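Thanks, everyone. Let's walk through the packing in this one. Have a look at the screen first.

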Amino acid sequence: MNTRERARALAQAASAFPGFGPGSEEALLHLIHTELGSEDTLEPWAPPRRTRAVAPGTILHIISGNTPHAGLQSLLRGLLLGSHNRCKLPSAGLPELEAFYARLPEALARRVELARTLPPEWLAEADAVVVFGSDTTVQALREQVRPEAIFLPHGHRVSFGIVFDDSALASLPGAVEDVCLFDQQGCLSPHLFYVAPEQALAYAERLAEALEAVAPAHPVLTLEEVAAIVAVREEAAFIPGARLWQNAEATPRWSVIYDPRPGFTPSCLNRTVFIKPLPADLPAAVAPVRAYLSCAGIWPPTPAHAERAAATGVSRVCPIGQMQRPPLTWRQDGQPVLAPLVRWVDYELA
Amino acid sequence: MVTRLLARLRDPAPIVEPEFNTLALELFALQRRQNAPYARFCEGRPEPAHWSAIPAVPTGAFRHAALRAFPEAETVATFRTSGTTGEGFGSHHFATLALYEASILQMWARLGLPRLPQVLLVQPPAQAPHSSLSHMMGTLGALGPQTWVLGEEGQLDLPALRAAVASGPVLLLGTALAFLHLFEALGAERLPLAPGSFAMETGGYKGTGRSLPKAELYARFTTTLALEADAVFNEYSMTELSSQWYTHGLGRPHHGPPWARALVVDPASGLPVAEGERGIVRLFDLANAGSVLALQTQDLALRRGEGFELLGRDPAALPRGCSRAADEFLS
C-alpha cells in the first residue's frame, strides 16, 4: 500500500468508529504534507526528489491509560507512516483499540500486533517506542530502550472547560457528554468548568440535574475511588462559599461542587465536577498545572474566546461537547506527531 | 476539659466503656460548640448517641478551614501537612501541646520498649517548627539521649550516624523515605546495629514519587542494619491527630492507645465493615481536644479486632486513566 492508499483505508476504518474524532483521507494526507513536506515523501525515492522520509521499521506503542484516544491515534499514525506496529495494551485490554484492529483491511491488520503483557523482545526490537503513562512508567521504560531507538513519551495531562457566556445553557448537554465519556479518566476529560461569575451557580445547579438524568445507575468503582469522592464531597462543607450537589444513593454516581476559589482543582474523577467562577486572570489561576494542560473546551466557540483560552497554555481548544473527539490529525501535547518518528535520506546527485 | 483529659491520659487505668463514650460525646459537644466550620459540617446529621456516630472530618478539611475549638489568639503551635494537592497545606492549631506530648509519652510507655539512646533520621524541631513529626521526635527526648543525623537541607550525616550506632544498642527513628535514602546511601555497606537495637519507621512516600513495598523495606533493615522485621516498629498517625497507632514486623494490625478508637468503615455507607473486610480507617482521638476528635482518612485497611491492618495501594487500581495521576504531578 502506498501513502494515499493507507490514508484512504485508515480514514475509512476510523470513520465508522466512535473512538475517533473527525478526519478524512485528505486530512491525513495534509498532516503528512505539513509535517513531512510533501505527500509522497514516504514513497520510494525517485528523481527529481532530493529527499525521502523513512518510517521506523517497528514502532512499539505502550498504552497504559484506559481511555481509547491516545492508543488509537498512536496506532493510526504508525500505520499511516507504513510501520509495523506492536501495541502493548493495559492488562485489562482496551476494547476500542481491539475493535478498530478488527475493522482494518488485511493489508494494514498484518502490520499490527497486540499484547496485554509486554513480550521482552518487543522493547529490544523496536526502532521507535511511544509511551503513554506516568512519569514513573516513562522513566522505567526509557532505561530499557535501545539507545539509538526513537523514544516518544507522553505524560499525564488534564483538561478543563471555560463557559465565557451562556445564559441560555446551550453548552450544558456538551458539558455533560465531556464529563461522562470515559468516566473522566482521559487526558481530554474536564476536571472543572470555569463559568462566567454571574452564571456559575445556576450552571452548577443545572449540570447537577443533567448528570442525575444520565449518570450510570450502578457505576463500577474501586473502594479507593469511592473513598476519594466521598472525601471531596465532605470537604466541600469546609470551603467557604462552596455548594455541593450529589446523587441520593449511597454509591457516588455524580457530584457537582461549586467552589468560589479560582485555583485549578484536580478532580477525583468518575463524574466529580468543580464549577468555579471565571476569574479575571485565568492564566494565573491555572499556572500551577500549566505544564500539564491539554485541552480547553470553550463556550461560545468564537475566535476571540479561543485566543483567551489558548493563553492558559493548553494545546487544544474546541467547543464544549467536542473535548473527547479530537480530530485524527490532532497534535497531541502540542507537538508534531509524525516528524519525530521518521529519519531522512537526502540524495545529492545533481 | 483539657485538664481532665490530661489527668486521665496519665492515669494508667485503661479507658473502657462507658467512660470512653461519655468523654467522647462530651468533647464532641464542646468542639461543635466552639468551632463554626465543624458545626456547619454537623448540621443535618443525626445527633450521635455513641462515639462511633460522631461526624468524622475528612483530613483534607484542614486545608480549607481553621478547625480550632478555642479562640484564635490562644494558638501556641501550628503543625502543617505537606501540600500534595496543589491547594496548599493543611494547618492543625493547638492551644496547648500538653495533651499531644502526654499522648506520645504515655503510649510509648505502653509499647514497653527499652530506654535506649535515640538516633533520629528526622529534622530537629528547631529546624522544622511546623512539623508534627519533628515535634513528636523531640518529645521522645524525655526518654533518652538523642542524636539528630539529618541536616538543615535534609541531607544525611553518615559519619555522625556511624559514630552514634557504634557504642551499643540504639533506637533508630525516621520516615520510611529517610530509611530508603539511608539504604541507598549505604549501598552494599552493612551497618549492623548492636543486639537489642530497634527501629521505628513512620509515614509513607506521599508526594515523593517513591515507593517500596513494606516487605522489601523490612528486608533491607535485616540485611543492612541486622534488625529482624520484628524489631522494626511502624508508627501510623497524621498531622491532623494527636495520638499514634503502632505495630511491629509484618502482617500485624496497628493498635492505638486506650484514649483512642479506630473503625474500618465502608466509604459509601460510612458504617463499619465486618471483621477481616476492607474499608477505610476512621479515627477517634480524645487527645485531639483542640480541634476535632473524629477524623476520616482515605487509608485502606482490613478490620482486625479493635485494630486495623493497613493495606498498600492496589497496583491494579493505580493509574487507570491519564488524568488519574493528578496527585503524582502536583506533588
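**Helices on the sheet**

Helix H9 (residues 197-214) of chain A lies across strands S7 (158-163), S8 (190-195), S9, S10 and S11 of chain A, at about 165 degrees to S11(A). Contact here means C-beta atoms, placed from the backbone, within 7 Å. Axes are lines fitted to C-alpha atoms, for helices over the stretch in contact, and angles run from 0 to 180 degrees between N-to-C directions. Helices (H or I, at least four residues) and strands (E, at least two) are DSSP runs, numbered from the N terminus.

Quick housekeeping. This is a predicted model: local features need pLDDT of at least 70, side-chain atom pairs pLDDT 80 or more, while totals for chains, interfaces and linings use all residues. Residues count from 1 along each chain as its sequence is written, and chains are lettered from A and ligands numbered from 1 in written order.

Next, helix H10 (residues 223-236) of chain A. H10 lies across S9, S10 and S11 of chain A, running at about 30 degrees to S10(A).

Now the sheet. The open sheet has 7 strands, ordered S9-S10-S11-S8-S7-S12-S13 in chain A, with mixed pairing. Pairing takes at least two DSSP bridges between strands. The edges are S9 (243-246) and S13 (316-319) of chain A, each pairing on one side only. Neighbouring strands are turned by 20 degrees on average, direction ignored.

Inside it, S10 (residues 255-258) and S11 (residues 272-277) of chain A run parallel, joined by 4 bridges. Tyr258(A) stands opposite Ile275(A) in S11(A).

Elsewhere, S5 (residues 128-132) and S6 (residues 150-154) of chain A pair in parallel over 5 bridges. Phe132(A) has His154(A) as its bridge partner in S6(A).

Note on methods:
Two residues are in contact if their C-beta atoms, placed from the backbone, lie within 7 Å.
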